[in-house]
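The following questions and answers examine a protein model step by step. Please consult the sequence and the structure while reading.

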Amino acid sequence: MERWKGRVALVTGASVGIGAAVARALVQHGMKVVGCARNVDKIEKLAAECQSAGYNGTLIPYKCDLSCEEDILSMFSAIKTLHQGVDVCINNAGLAHNEPLLSGKTDSWRNMIDVNVLALSICTREAYQSMKERNVDDGHIININSMGGHRMVPSADEHFYCATKYAVTALTEGLRQELREAKTHIRATCISPGIVETEFAFRHHNSDPEKAAAVYESIKCLKAQDIASAVTYILGAPPHVQIGDVQMRPVEQMS
Ligand SMILES: NC(=O)c1ccc[n+]([C@@H]2O[C@H](COP(=O)([O-])OP(=O)(O)OC[C@H]3O[C@@H](n4cnc5c(N)ncnc54)[C@H](OP(=O)(O)O)[C@@H]3O)[C@@H](O)[C@H]2O)c1
């Protein structure tokens, strides 16, 4: 991770869960991390924790609603003005709504598409353009996918969500091909976790917190820190190594 010291990473959805753990790990490794989400106060708290822990890097909180393209473009413009640009983009923000294909609300489907697919694609494009205009060849785009991007779970609660994650699988490989075509050495990777204990299930089953708690109590789940370790492993690989997908499940997970 030595070569990333002082370089700029954007982590989306850095307020809680996996994004917060990834942001913390990258700051610990000396990176300048722009962490964005809607609940910016939580990122400010994390930034203060990183500072009092004496980490080498810094965490810069940025308030951004990723379902709004204007917000995303303003964020990239602010990063350019204040920190030159982005060298690493971690597309982490994502969510599931409990809306089956036969009865779900269109607005909820749209929100999943907006955050899980479109925001990821807009951030990827803007991050690439930022690297290109500064001749950054050693850059990395990491998408937080899901095991739900590789196989359908037999649960109507998750079908539309899985469809958005299948899109992330396709977008990551498409990106790898376009980067190669563009003759850059910027790399594209995704991480596909099984169940990770975060706020995710509580947001997914927001009308049924007991169901959410049961998800995390049923087995020994992955921790957000496990995904952060995968991120530092991926970034720590030499520049000629492109890790495609890290699939990681809790040992006790069934599907
Ligand atoms: N937990 C799991 O079991 C699991 C498994 C596989 C994959 N994943 C994937 O891992 C990623 C992170 O999930 P997590 O488990 O850490 O979930 P989480 O604890 O619910 O955190 C989700 C993050 O996304 C942000 N976010 C959601 N909507 C946003 C919006 N419109 N604008 C800006 N930020 C937004 C949230 O920030 P604000 O609410 O503050 O805006 C929050 O920081 C997601 O892509 C998820 O699909 C999770």
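Q: Is Asp114 buried, partly exposed or exposed in this predicted model?
A: In this predicted model, Asp114 has 18 other C-beta atoms within 10 Å. A residue counts as buried at 20 or more such atoms and as exposed at 12 or fewer. The value for Asp114 lies in between, so the residue is partly exposed.

Q: Which residues are in contact with Asp114, leaving aside its neighbours within four places in sequence?
A: Asp114 is found in helix α4. With the neighbours within four places set aside, the contacts of Asp114 are Ser67 and Ala119.

Q: How far apart are the end C-alpha atoms of helix α3?
A: Helix α3 covers residues 69–83, which is 15 residues. At 1.5 Å a residue, a helix of this length should span 21 Å. The distance in the model agrees with this expectation, since the end C-alpha atoms are separated by 21 Å.

Q: Within what arc do the buried residues of α3 fall, seen down the helix axis?
A: The buried residues of α3 are Ile72, Met75, Phe76 and Ile79. They line one face of the helix because, seen down its axis, they fall within an arc of 95 degrees.

Q: Why can residues three or four places apart in an α-helix point the same way?
A: The reason lies in the helical repeat. Residues three or four places apart point the same way because an α-helix has this number of residues a turn: 3.6.

Q: Against which elements do the buried residues of α3 pack?
A: On the other side of α3, Glu70, Leu73, Ser77, Thr81 and Leu82 are exposed. The buried residues of α3, by contrast, pack against β1 (8–12), β2 (32–37), β3 (58–63) and α4 (106–133).

Q: What is the radius of gyration of the protein?
A: The secondary structure comes to eight helices and nine strands. For 255 residues the globule rule gives 18 Å, and the value of the model is close to this, so the protein is as compact as a globular protein of that length. The radius of gyration is 17 Å.

Methods
Residues numbered from 1 in each chain as written. Predicted model: local features only at pLDDT ≥ 70, side-chain atom pairs only at ≥ 80, totals over all residues. Helix = DSSP H or I, 4+ residues; strand = E, 2+ residues; numbered from the N terminus. Expected span 1.5 Å × (residues − 1). Arc of directions from axis to C-beta. Contact = placed C-beta atoms within 7 Å. Rg over C-alpha atoms; globule rule 2.2 N^0.38 Å.
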